[in-house]
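I opened my notebook to look up a few side-chain and helix details. Here is what I jotted down as I went.

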Amino acid sequence: MRHVLEASRAPGRPLRTAALTLLALVAFAGNSLLCRLALGEGTIDAASFASLRLCSGALVLVALVAGQQGGARWRGAGSWGSALALFLYAVPFSFAYLSLTTGVGALVLFAAVQATMILAGIRSGERPRALEWLGLVLALGGLGVLARPGEMASPAPGLASMALAGVAWGVYSLRGRGGEAPVVATSGNFLRAAPLALLVSLALSPHAHLTVEGALLAVVSGALASGLGYVVWYAALRGLTATRAAVVQLAVPVLAAAGGVWLLNEAVTLRLLVASLLILGGVGVALAARWRLAPTAPAAVVAQP
């Protein structure tokens with residue numbers, strides 16, 4: 001993994017940056033697939049999935065930081081505020097996939113993350129252009145399409161749970177912007193968030209059920225798709241501007257939805273297609289408007305997982 005970080009620092013390596021970016025995006029889309037596969041098949045309960053995901057992610061990240069940085073630099077890294085945001089993302093994310101399909105869940109998460117970050121910018125004094133407002137309205141309209149009652153409607157509790165996860169991840173992303181050692185900070189945040197998830201598992205232990213398959217899917221999600229996925233993403237960010245990093249994340253819900261159709265035999269509905277066009281198109285419009293203001297801004301984006 002050290003070679004991944006070193007390769008991303010080398011100038012004039014656009015192909016390596018593209019490869020790292022694609023690998024990270026596949027990993028993040030894989031989190032939705034793994035969670036839906038585990039919970040949809042009933043191989044594990046939602047609280048146990050979240051706990052195993054955070055615990056395995058923490059172990060991998062701490063091991064990487066300790067091996068690369070030497071000693072125990074991860075001690076004291078991160079913050080309880082960011083860990084709480086991470087916890088409030090991971091647990092509702094798992095519970096949402098008890099009822100949502102992979103594509104719907106990924107779309108709601110993506111829209112909530114982006115809306116949170118855009119609204120935070122407005123609250124901090126940014127003056128968005130008309131196109132940015134249009135993009136935000138379109139994206140929120142896409143969420144409305146998914147939530148509208150009717151045939152093939154997604155369950156409201158699942159949508160609300162995933163929206164909460166998206167808002168929490170947006171907050172986590174905002175808190176992590178500008179950090180000098182993001183992998184180190186992420187390891188500390190995972191280490192703090194894991195016990196919080198374990199408390200939820202303990203509280204819901206009468207409803208717990210766990211199989212070897214379910215536990216394996218949760219560990220793969222935490223150790224590979226989350227832990228190593230973040231390391232690869234932070235490496236890719238060294239070759240991306242903030243706008244490009246945000247734009248490529250449009251691919252995450254698309255990859256997740258495609259994976260759900262291909263691997264889990266999920267249906268492609270008209271509602272999902274319309275919502276996808278509104279959400280991805282709206283975020284794309286907002287990003288295009290922002291790119292015209294600062295096309296070469298340095299990358300400071302934390303990807304949605």
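This is a predicted model: local features need pLDDT of at least 70, side-chain atom pairs count only at pLDDT 80 or more; totals for chains, interfaces and linings use all residues.

Residues are numbered from 1 along each chain as its sequence is written, and side-chain values use heavy atoms, with hydrogens and water left out.

Next, the aromatic rings. I count Phe, Tyr and Trp (its six-membered ring) as paired if the centres lie within 6.5 Å, with planes under 30 degrees apart stacked, over 60 edge-to-face and the rest tilted. How many aromatic pairs does the structure hold? I noted eight aromatic pairs. One of them is Phe28 with Trp233: the ring centres are 6.2 Å apart and the planes stand at 70°, so I logged the pair as edge-to-face. This pair links distant parts of the chain, with Phe28 in helix α2 (residues 14-40) and Trp233 in helix α9 (residues 212-237), 205 residues apart. Helices here are DSSP runs (H or I, at least four residues), numbered from the N terminus. Phe28 is buried at 1% relative accessibility, and Trp233 is buried at 1%. Buried means under 20% relative accessible area, exposed over 50%, and partly exposed in between (1.4 Å probe, protein chains only).

Then I checked Tyr89 and Phe93, a tilted pair with 5.3 Å centre to centre and 45° between the planes. Both lie in helix α4 (residues 80-96), four residues apart, about one turn of the helix. Tyr89 is buried at 1% relative accessibility, and Phe93 is buried at 0%. Ring pairs also join residues into a cluster, whose members include Phe28, Tyr89, Phe93, Tyr97 and Trp233.

On to the cysteines. How many disulfides are there, taking a disulfide as a pair of cysteine sulfur atoms within 2.5 Å? I got zero disulfides. Cys35 is buried, with a relative accessible area of 0%, whereas Cys55 is partly exposed at 21%.

Last entry: helix α5 (residues 102-123) and helix α7 (residues 156-176) have axes that come within 7 Å and cross at roughly 45°. Axes are lines fitted to C-alpha atoms, for helices over the stretch in contact, with angles from 0 to 180 degrees between N-to-C directions. I wrote α5 down as oblique to α7; angles under 35 degrees are roughly parallel, over 145 roughly antiparallel, 65 to 115 roughly perpendicular and the rest oblique.

Methods. A disulfide is a pair of cysteine sulfur atoms within 2.5 Å. Helices (H or I, at least four residues) and strands (E, at least two) are DSSP runs, numbered from the N terminus.
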